[in-house]
Amino acid sequence: MRAMTRRPLAILISIGAIALLGIFSAVASAAPGAYKVLLAESYPEQPKRLAAQVAAFPDVAVVDMVNTGNEAGVTPTATQLAGYDIVVSIGDSSYLDSEAWGESLASYVDAGGVVVVSAYDTWENSDPLGRFATGGYLPVTLGDNVNDPKTLGAFDPANPLMQGVGPLFSSDNTANLLTPGASLVASWNDGSIAIAGKSRVLAITGFIGDHYGEEIWSGNYGRVIVNTVRTVGNQLLSVSVSNAAGGTVTSSAGGLNCGPVCSAILPAGTPVSLSATAAKGFAFGGFGGPCAGSSCALTMDGPKAVTAAFVSFGLGKKVKLNKATGKGTLTLNLGAPGKLVLSGKKVKKQTKSPKKAGKVKLPIVAKGKALAKLENTGKAKVKFKLAYTPTGGTQATKTKSVVLKLNP
């Protein structure tokens, strides 16, 4: 590790909503999104260049920074880390309390959090990170501080952790081996480990902080961080219902039971199916977003925003009777295009496929014994079923009875 050159304490912008003793600093994201990211460097000069890379992604909502070092730093607790989707630890110099910081990281991962560590948390002579270092969390063993200029070498381009990463350079780095259960994600050009992963922990063996100047690393390490939370982090499932009174949407995981808007946080890779139940007077018009049609089965490999449409399925208060013909006319109010079927033992089957929402009229025509009774007595009671299937939705049904009349 390079000799330390202490610099004047940076003045950080505190953010009251999550401030730890007032020393968190915030970087605005490019657009609202799902992920909250914490960059923790053990030195007052915070990783602003890396923060700018991470914040540029539209699915990143917040990027905060904190000094965990022994120079005016703090040690965030696991409870405080729980407000973030991913935590990046950069071991620059001495920690304020490395054992406590390691305990916070381990507890955070135990609770479903995602951690990225970089040099010099991967150095054998760094401050030991307590249970995080000894409890099997790290993907790499602690290694020698080689500090050799290296560029990105071999990696699997199909690996989601490396999508769009492009060239990487590091001049300050460590030489490490994989720990049991870890996987190699990428190598340096000399064949040594550049990036390795294990469960919800990723290790980058290069230093990615700002302490030593911009010349020591280049490339979009921010994309590696965002790819990591997208791939192994907790993911947001949100459902928006078009009509709050139209019905409910429930989920097989996450406990959703939706009115207008609801959401759940689910571990990456969780399979989940959504079911829609229409209320009286409505039909389910289908899912939208990552799902289409009447069913929705998802794998939470990223944030998912699903829409669910409930459309009106109403009947007119009265059936218009034509006593000259003995027929009736039923008026319906449909909230979307679809297919409409009127059927029953005593009526002729009627089918219509309206191409737009609005009022639809269907004739009610007696058949069989009901028709004979109508002709003999001038009246006949018929019962029929209406089945309405909105395009892309599921069938809803209603039953109704009416007395048809025929003048003698």
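**Close-up 1. Cysteine 258 and cysteine 262 form a disulfide.** In this predicted model, the sulfur atoms of cysteine 258 and cysteine 262 lie 1.6 Å apart. A disulfide is a covalent bond between the sulfur atoms of two cysteines. Cysteine 258 is buried, as is cysteine 262. The structure holds two disulfides, and the other one is the subject of the next view.

**Close-up 2. A disulfide links cysteine 291 with cysteine 296.** The S to S distance between cysteine 291 and cysteine 296 is 1.9 Å. The torsion about the S-S bond of this pair is about 55 degrees, so the disulfide is right-handed. Cysteine 291 and cysteine 296 are both buried. When the bonded cysteines of the protein are numbered in sequence order, the pairing reads 1-2, 3-4.

**Close-up 3. Lysine residues gather in a patch of positive charge on the surface.** The patch consists of Lys346, Lys369, Lys373, Lys381 and Lys383. Two elements, helix 6 (368-377) and strand 27 (379-390), each supply at least two residues of this positive patch.

**Close-up 4. Lysine 373 is placed in helix 6.** This residue is one of the lysines in the positive patch. Is lysine 373 buried, exposed or partly exposed? Lysine 373 has a relative accessible area of 47%. Buried means under 20% and exposed means over 50%, so lysine 373 counts as partly exposed.

Methods. Residues are numbered from 1 along each chain as its sequence is written. This is a predicted model: local features need pLDDT of at least 70, side-chain atom pairs count only at pLDDT 80 or more; totals for chains, interfaces and linings use all residues. Side-chain values use heavy atoms; hydrogens and water are left out. A disulfide is a pair of cysteine sulfur atoms within 2.5 Å. Buried means under 20% relative accessible area, exposed over 50%, partly exposed in between (1.4 Å probe, protein chains only). Patches are made of residues with over 30% relative accessible area and no salt bridge: like charges are joined within 9 Å, nonpolar side chains (Val, Leu, Ile, Met, Phe, Trp, Tyr) within 5 Å. Accessible areas come from the Shrake-Rupley method with a 1.4 Å probe; for residues, only the protein chains shown count as cover. A salt bridge is a side-chain nitrogen of Lys or Arg within 4 Å of a carboxyl oxygen of Asp or Glu. Lys and Arg count as positive and Asp and Glu as negative; His and the chain ends are not counted. The place of a charge is taken as NZ of Lys, CZ of Arg, CG of Asp or CD of Glu. Helices (H or I, at least four residues) and strands (E, at least two) are DSSP runs, numbered from the N terminus.
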